[in-house]
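Please read this briefing with the model open beside it.

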Amino acid sequence: MQNIVINNDYKEKYGFHVDSNFTHKAQKGLNEDIIREISTNKNEPAWMLEYRLKAYEIFKKKKNPNWGGNLEGINYDEICYYLRPTDKELRTWEEVPAEIKDTFERLGVPQAEREFLAGVKAQFDSSVVYSSLLSELEEQGVIFLSTDEALQKYPHFFEEYFGKVIPAGDNKFSALNSSVWSGGSFVYIPKGVHVKRPLQAYFRINAVNMGQFERTLIIADEGSFCHYVEGCTAPVYSKDSLHSAVVEVIVRKGARFRYTTIQNWSNDVYNLVTKRARVEEDGVMEWVDGNLGSRLTMKYPSCYLVGERARGEVLSIAYAGEHQHQDAGAKMIHAASNTSSTIISKSISTNGGKSSYRGLVQVAPGAKNVKVRVECDALILDDKSISETFPTMKINDSSAQIEHEATVSKIGEEKLFYLMSRGLNEAEAMSLIVSGFIEPIVKELPLEYAVELNRLIELEMEGSVG
Amino acid sequence: MRKAEILKLTQNITYQVVEDTDLILDLFETSSPVKLEIIFDKPGVSCHLIGMYVLNDGEKLDFTTIAKHESRNTSCLQDVRGVLRDNSDSKYIGSIIIEENASQTESFLDDSVLVLGQGTKNQSEPILEIKNNDVKASHGSTTGRINEDEIFYLQSRGLSKKEAENIIVEGFFEKLLNQIEDTTIREVIAEKLASKLNQ
C-alpha cells in the first residue's frame, strides 16, 4: 500500500551542479604535506599547524567506531581534503562570482529575507565566499566570521577555546576534522548582548568527492542571547562524499544559545558530525536538529551541564528514506546540581530506511536534584523500514528524577481513513499526518525554515502510491 | 487461568512462550550479570513479565530481559520495578526486538526505579529494535526519588520515617503484585520482598 519514493525528483529540484573554477585544488588522500599546505595557505599561527599534525597522528591511530552505521563505504584515500573556490573572502554580494551566485540563487539564499537574517555565511566548498554582517551587530560587538578569518583576527579566542570542548582525540572524526578543518563559522556574543535576529550560515558541498570539514566555534558570553541557524542542501553525485564537522559551543553564565540545523544532504553523503556545548551556571543551550537526506548520518548533539542550574535541550527530527540510515540522538551530561535537560526526538522511516535514536543521559555523583525528560517517537511508514532506540541512562546520584519514554508506531489506518473520507488522497493524508507528527519541532524553527522543512517532507512523501 | 511460572534468574535463560504465560522473576538470588530471552516464535501467544527487586546497602544487580518477537500476532508486557537503598547499584537492560515477519505484534516495557537511599547508582537501557511497521511498541523508564512530601504527610500522621517509607514502597510494588493472578506465587514473592525490605 505505502510505497514511498524518496527523492525521485530530487535531482531536478536540488541536485543541480554548477561548474566551479577552483583556484586551488588539493590532491586526493591525506598526508602531512597536505596538512602543512592547508596551514601555510591559510597563513596560520605555528601552534595551529602543530595542533593539526597532532590530530592527524590521532586520526591515523583511531579506528572507525564499531557501533552505529556502516562506515565501510568511506575510502579515506579517495577524498580531497582541501580546496577553495576563490582566493579571497568577499564582502559584498556583487563581488561573488556569477556561477556561485547562481547556485545560491537557486537555493534561495539571496532572496531569503535579508531583514530577517542577521548575516549570511555561505560555505561553497571549503571556504566561506560570501559574508555580510549587519552593521547593527557590529555595533553590538558581535563577531560573526568564517573560522579561518577569525583565527587571523582574534587568535586569543582560539588559544583559549579552540579544541577545548571537543578535543582532537574525542573520536576518529573529530581528529580528522581537527587536522584538516577549513571554513565554518566563528561567533562571539559579548556579555549581555541580545541578538534579535537569527544568525544564519548556509552550507553546501559542490564538488565530486569533496570532504567538508568545517569547524565552528561559538562563544556566548555571560548573559547573552542568540539563535544561530545553519541549513544544507547538496547536489547529487554518484561518488560518496564525507562531511565531518566539529561544532563547539561555550555557553557562559546566564547565557542562552540556540543552534538550529536543517540538513538535507544528497543521498551519497556520509554526515559524521561532533557537536557539543559546555553550559555554565544558569546557562541554557538548545540544539534543534533536523536530519534529512545523506546516506548515513551519525550525530549526537551534546550538552555538558557544568554549572548549577544549567539547562540543555535537544529537539531532533530524522527522516530516513531509501538506502538511508539516520543514526541520531543526544547526550546530556549532568555534572552540577539543579541542572535539567529535555530531549525530544522524532523519527520517520520509510521505503527501507533505517532510523536510530542513540542517547546518553548521565548524572554525576554529587549532582543533586537533576531533572531529565526524554521522549522518542518513531513512525514507520512501510514494512521494509527499520526503527531502533538505544537510550542509556547512567544515574549516579540518588536525588535525580529521570523520565524516558519511547514509542514506535505506524500511521493509524483510522486516521488515514478519516482524512480520506474528507476528500484527501492517500498521499496527501499521509503527508498531513507526518507534518502533524513533526509539528512540535517544526514550530520551534524560524518561519522560513519551517516552510522549507515542510516543503522538503512533502517532496519526500511525493510519489507515495495512494 | 493463564499459565504462571516463577523464573529464578541465577543464570542466562532462554524461554520459549508456547501459550499465554505470566512470568514472575525471582531476582533475590541473582549475583552475577544475567540475561533472560523470551522468544515468541508461535503465533498468537502472549506473555506478561513481572520483575521486582529491592537492593539493600551496597548490593548490586545487573540483568537483561529481551522480548524477541519472531512470529505474528504475539504480545508482551515487561513490568519491572526496583527499590534502591544506600549505595546500591542496579543495571537493567530491557529490550524489545520485533523481526520483519512479526506483524501485529504488541510489545511494551515499563521500568521504574524508586530511590530511597543515598549514593545509589542506576543504569537503565530500554532498547527498541523494530523491523516491521504493523506493530505497537513502546517503553517507559523512570528513576525517581521517594516523594518527601508523602513521607512528611505520613510522619505527620504518627508514623516513623521507616514505616512511612515502607508504606510507600508497598504501594509501589502492590500495583505489580496485584497483577499476579496465581495466589501461591503472589504470596511467595510478596514474602520475599517483605523480608528483603525488613533486613
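This is a predicted model: local features need pLDDT of at least 70, side-chain atom pairs count only at pLDDT 80 or more; totals for chains, interfaces and linings use all residues.

Residues are numbered from 1 along each chain as its sequence is written, chains are lettered from A in the order in which they are written, and side-chain values use heavy atoms, without hydrogens and water.

**Interface of chain A and chain B**

- In chain A, 32 residues are in contact with 30 residues of chain B (contact means heavy atoms within 4.5 Å).
- About 2300 Å² is buried between chain A and chain B, and carbon and sulfur atoms give 48% of this area (buried area is the accessible area, with a 1.4 Å probe, that two parts lose on being put together, summed over both).
- On the chain A side, M393(A), S398(A) and V408(A) lose the most area to chain B, together 23% of what that side buries.

**Salt bridges**

- Over all chains the count is 34 salt bridges (a side-chain nitrogen of Lys or Arg within 4 Å of a carboxyl oxygen of Asp or Glu).
- One salt bridge is found across the interface of chain A and chain B.
- K410(A) forms a salt bridge with D134(B), and their closest N and O atoms are 3.2 Å apart.
- Within chain A, K368(A) forms a salt bridge with D397(A), with the closest N and O atoms 3.1 Å apart.
- K368(A) lies in the loop between β20 (354–363) and β21 (371–380) of chain A, and D397(A) in the loop between β22 (386–395) and β23 (401–409), so the pair, 29 residues apart, links distant parts of the chain (strands are DSSP runs of E, at least two residues, and helices runs of H or I, at least four, numbered from the N terminus).

**Helix packing**

- Helix α2 (residues 32–41) and helix α3 (residues 46–61) of chain A pack at about 155°, with their axes 10 Å apart (axes are lines fitted to C-alpha atoms, for helices over the stretch in contact, and angles run from 0 to 180 degrees between N-to-C directions).
- α2(A) and α3(A) are therefore roughly antiparallel to each other (angles over 145 degrees are roughly antiparallel, under 35 roughly parallel, 65 to 115 roughly perpendicular, and the rest oblique).
- Helix α1 (residues 148–156) and helix α2 (residues 161–177) of chain B pack at about 125°, with their axes 9 Å apart.
- α1(B) and α2(B) are therefore oblique to each other.
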